[in-house]
Amino acid sequence: KGKAFFVDLTLCTACRGCQVACKQWKDLPAEETRNVGSHQNPQDLSAKTIRLVRFNEVKEDGKLKWLFFPEQCRHCIEPPCKYIGNMYADGAVKQDPVTGAVIMTDKTKGITRLESWEMCPYNVPRRDEESGIWNKCDMCINRISKGMLPACVKSCPTGTMNFGDRDEMLALANARLAEVQKTNPDAYLADPEHVRVIYLCESAPENYHDRLVASAAQRKNLVAAAPKPKTVTRR
Ligand code: SF4
Ligand code: SF4
Ligand code: SF4
């Protein structure tokens, strides 16, 4: 139950409409960027850029190929960030019972001495250096609770971004996967059983991003190995 995104990476043209729409709706400021010899800008997610189109150029069958990965929080069904973050600051990370959206509140200010990857298998949330508050995608909860589409989905012109009931999105993802596998048997869905942002991928995970996928064991280990706040010594 709840909601989900289906993101068909085979259709993404990296127009960055979703990245801009996200910034506009969330009223997040632009960041100073510089040309480092690729189209990638900004270089990484941040508290001000919670949705980022990643650009990758790979060689497949002797040919160069662009792979695009519009990254956002995956809204895990069992979110490690909630269990770990709330050990540091009670009530810091919430999960909407209706949609399943995982939401970071201002109380995340109390989550200190943790790296993003220590509470998120996808290394997604980022801490604002000035306010100390962690930020990430909140599924556009104030839009979807009024029946609107998330801003990124609304802005996508290619059909890459889809949003709806999780059952429907899973069915759509599996139908589209079967279609793509007719010409590319290696196509796959990234972690569909664990997340609410289901990516359809046509190339190996590492060709998109080092944390495109995360195993169930990785999730478990993350929670098991989470440093307890009281036993952590200041670095
Ligand atoms: Fe890709 Fe759609 Fe985002 Fe454009 S708006 S970068 S096509 S996901
Ligand atoms: Fe940004 Fe909203 Fe899309 Fe999340 S759902 S990436 S907050 S536009
Ligand atoms: Fe939390 Fe990371 Fe999962 Fe998002 S992707 S819900 S930040 S653990």
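The model is a predicted one, in which local features need pLDDT of at least 70 and side-chain atom pairs count only at pLDDT 80 or more, while totals for chains, interfaces and linings use all residues. Side-chain values use heavy atoms, with hydrogens and water left out, residues are numbered from 1 along each chain as its sequence is written, and chains are lettered from A and ligands numbered from 1 in the order in which they are written.

Is Ala-47 buried or exposed? With a relative accessible area of 10%, Ala-47 is buried, where buried means under 20% relative accessible area, exposed over 50%, and partly exposed in between (1.4 Å probe, protein chains only). Leaving out residues up to four places away in sequence, I found that Ala-47 touches Leu-28, Arg-126, Arg-127, Asp-128 and Asn-135, contact being heavy atoms within 4.5 Å. Arg-126 is 79 residues from Ala-47 in sequence, yet their C-alpha atoms are 5.0 Å apart.

Most residues other than glycine have a negative phi, and most peptide bonds are trans. Asn-123, in the loop between S5 and strand S6 (126-127), has a positive phi near 60° without being a glycine. Asp-191, also not a glycine, has a positive phi of about 50° and lies in the loop between strand S9 (188-190) and strand S10 (197-201); at 11% relative accessibility, Asp-191 counts as buried.

Val-213 is in the loop between helix H6 (205-208) and H7 and is partly exposed, at a relative accessible area of 28%.

Which residues of helix H2 (residues 80-88) are buried? They are Pro-80, Cys-81, Ile-84, Gly-85 and Tyr-88. Because they cover an arc of only 100° around the axis, they are on the same side of H2, the arc being that of the directions from the helix axis to the C-beta atoms. Their cover includes strand S4 (93-95), strand S5 (102-104) and helix H7 (216-225).

- Ligand 1 is surrounded by 14 residues, the closest being Cys-12, Cys-15, Cys-18, Cys-156 and Thr-158.
- Around ligand 2 I found, among others, Phe-5, Cys-22, Lys-26, Cys-137, Cys-140 and Cys-152, and helix H1 (17-26) and helix H4 (151-155) each supply at least two residues of this shell.
- Ligand 3 has 14 residues around it, of which Cys-73, Arg-74, Cys-76, Cys-81 and Cys-120 come nearest.

By class, the shell around ligand 2 has 9 nonpolar, no polar and 3 charged residues, where Ala, Val, Leu, Ile, Met, Phe, Trp, Tyr, Cys and Pro count as nonpolar, Asp, Glu, Lys and Arg as charged, and the others, Gly among them, as polar. The shell around ligand 1 has 9 nonpolar, 4 polar and 1 charged residues, and that around ligand 3 has 11 nonpolar, 1 polar and 2 charged.

Note on methods. Helices (H or I, at least four residues) and strands (E, at least two) are DSSP runs, numbered from the N terminus. A residue is near a molecule or strand if one of its heavy atoms lies within 4 Å of it.
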